[in-house]
Amino acid sequence: MDKLDWVFYSQPIVAECKEVLIREELLLREETANCAFFPQKYWESLTKKEYQELHYSIIHQVKTILKKNLTNHYSINLSRNSLISTALITEIKKEWLSFKDRLVIEITEEAPIGSLTIHEQQQVELRLRNHMEELNKLGFTLSLDDIGTGVHSLENVLNMLPYVSELKYSLNNFQKINTLIDLEEFLQAWQHLAQSQGLVFIVEGIETKLEDEWLTKLGIKYKQGFYYGKPQHLQMEGD
């Protein structure tokens with residue numbers, strides 16, 4: 001597959017009401033008119049070298065954003081697959097350590113690339129947790145994205161809790177839950193888990209005032225979605 005040009009968009013994460021900005025999430029998108037997500041086939045087509053080079057570029061661009069915007073706080077999605085790479089962890093420490101107080105690393109629930117034996121899968125999980133522990137000890141803030149879906153099942157989330165500061169749930173996964181009552185119970189269970197561990201709990205994918213008010217009644221403070229602001233193209237130096 002041909003190389004794709006990409007840009008960063010940003011979307012606000014708010015607290016309590018849309019006027020209180022906590023940080024902006026940096027979103028990797030194709031440089032096209034419709035701001036498309038990178039297709040899964042593109043990720044799957046990359047060689048190991050291409051995958052690492054793309055992530056090196058992402059790491060360096062994020063550093064540029066942090067240097068250019070000295071007071072802003074951001075978060076960036078990184079996949080589990082990228083965080084099992086010792087080389088990429090070394091690059092993260094080198095480029096982001098001095099900005100760790102203004103950057104949250106959101107770990108996506110992407111499954112391992114390729115078919116793994118049970119033993120290989122256990123080794124991958126161990127390496128991931130070791131790298132998360134290393135980043136945590138250095139003062140990086142880690143977040144688990146899309147909890148309750150894919151490989152971010154309750155069991156896997158519980159194994160990673162010692163190293164994270166927040167949990168994120170997306171309302172875009174609502175279709176997988178039967179009723180609104182079930183969704184409320186599901187959200188409150190995750191919220192209770194977060195509160196019991198002293199973690200921030202964020203719900204994303206909020207598009208309407210009704211959803212915002214409903215979540216407020218459930219006691220959910222931190223929110224993200226089109227209702228608070230659509231992703232905006234982030235201008236880089238030289239644009």
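Predicted model: local features only at pLDDT ≥ 70, side-chain atom pairs only at ≥ 80, totals over all residues.
Residues are numbered from 1 along each chain as its sequence is written, and side-chain values use heavy atoms, with hydrogens and water left out.

Strand S1 covers residues 6–15, and because 10 of the 10 residues are buried, the strand is largely enclosed by the rest of the structure. Strands (E, at least two residues) and helices (H or I, at least four) are DSSP runs numbered from the N terminus; two strands pair if DSSP finds at least two bridges between them. S1 runs antiparallel to strand S2 (residues 17–30), to which 10 bridges join it. In this hairpin 1 residue lies between the strands, and glutamate 16 takes a positive phi near 65°.

S1 also pairs with S8 and S9. Strand S9 (residues 232–233) is antiparallel to S1 and joined to it by 2 bridges, and strand S8 (residues 222–224) pairs with S1 in the antiparallel sense over 3 bridges. Tyrosine 9 stands opposite leucine 27 in S2 and opposite histidine 233 in S9. Isoleucine 13 has glutamine 224 of S8 as its bridge partner.

Helices H2 (residues 48–68) and H4 (residues 86–96) have axes that come within 10 Å and cross at roughly 15°. Axes are lines fitted to C-alpha atoms, for helices over the stretch in contact, and angles run from 0 to 180 degrees between N-to-C directions. H2 and H4 are therefore roughly parallel to each other (angles under 35 degrees). The contact (heavy atoms within 4.5 Å) is made by Gln52, His55, Tyr56, Ile59, His60, Val62 and Lys63 of H2 and by Ala87, Leu88, Glu91, Ile92, Glu95 and Trp96 of H4.

Histidine 131 lies in helix H5 (residues 118–137). With 8% relative accessibility, histidine 131 counts as buried. Apart from neighbours within four places in sequence, histidine 131 is in contact with Leu83, Ile84, Ser85, Thr86 and Ile89.

Methods:
Buried < 20%, exposed > 50% of the residue type's maximum accessible area, 1.4 Å probe, protein only. Parallel < 35°, antiparallel > 145°, perpendicular 65-115°, else oblique.
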